[in-house]
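Please walk me through this model in the viewer, one selection at a time. I would like to know what to select and what is found there.

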Amino acid sequence: MSFGATGKSTLVVTSGLVPNASILRLEGELDVYVLPLLREHLKRIWELPATPFMIVDLGEVGFCDSMGVNTLVEVMQQCEARGTRLLLGGVRGVMARVLSITGLRNAFEVYDDVDDALRCAMTP
């Protein structure tokens with residue numbers, strides 16, 4: 001885990017829209033320290049009209065603690081409530097291990113590559 005100048009872990013969150021999907025890209029550590037930042041981005045997404053898909057790009061996540069996993073479960077539940085299909089892209093390395101260890105790999109729709117998740121969302 002790397003820490004920024006504040007002594008807390010760092011996460012860069014970007015989001016955008018493509019036809020049929022909202023995309024949330026995470027880069028860095030997904031842990032208790034960054035949850036306020038992540039929740040602020042999610043709040044903005046939830047304020048928009050629902051899209052058929054939400055893609056969370058986890059390809060650049062280097063660390064994820066239990067609170068990060070809990071947040072992913074909350075995102076899945078919110079997506080289900082909105083009728084949005086959640087796709088996790090870039091699930092390899094750390095995130096593949098975390099989802100496997102927690103037994104959640106089968107609870108999510110997981111793609112090794114974010115491009116595969118995008119293709120799924122764009123296929124009629």
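The tour covers a loop and then the strands that follow. Keep in mind that this is a predicted model.

**The loop**

Select Pro49, which lies in the loop between α1 and β3. Pro49 counts as exposed, because its relative accessibility is 68% and the cut-off for exposed is over 50%.

Show the side chain of Thr51, which reaches the backbone oxygen of Phe53 at 2.7 Å. Then display what surrounds Thr51: beyond neighbours within four places in sequence, its contacts are Leu17, Asn20, Ala21, Ser22, Arg82 and Thr84.

**The strands**

Move to β4, residues 85–89. Four of its five residues are buried, so β4 is largely enclosed by the rest of the structure.

On one pairing, β4 runs parallel to β3, with five bridges between them. The path here is a right-handed β-α-β unit made of β3, helix α2 (residues 66–82) and β4.

Now select β5, residues 109–110, which pairs with β4 in the parallel sense over two bridges. Leu87 stands opposite Glu109 of β5. Finish with helix α3 (residues 93–101): β4, α3 and β5 form a right-handed β-α-β unit.

Technical notes: Residues are numbered from 1 along each chain as its sequence is written. This is a predicted model: local features need pLDDT of at least 70, side-chain atom pairs count only at pLDDT 80 or more; totals for chains, interfaces and linings use all residues. Side-chain values use heavy atoms; hydrogens and water are left out. A polar contact is a pair of N or O atoms within 3.5 Å; within protein, one must be able to donate a hydrogen and the other to accept it, and residues adjacent in sequence count only if both atoms are side-chain atoms. Contact means heavy atoms within 4.5 Å. Buried means under 20% relative accessible area, exposed over 50%, partly exposed in between (1.4 Å probe, protein chains only). Two strands pair if DSSP finds at least two bridges between them. A crossover is right-handed if, with the strands pointing away from the viewer, the path from the first strand over the helix to the second runs clockwise.
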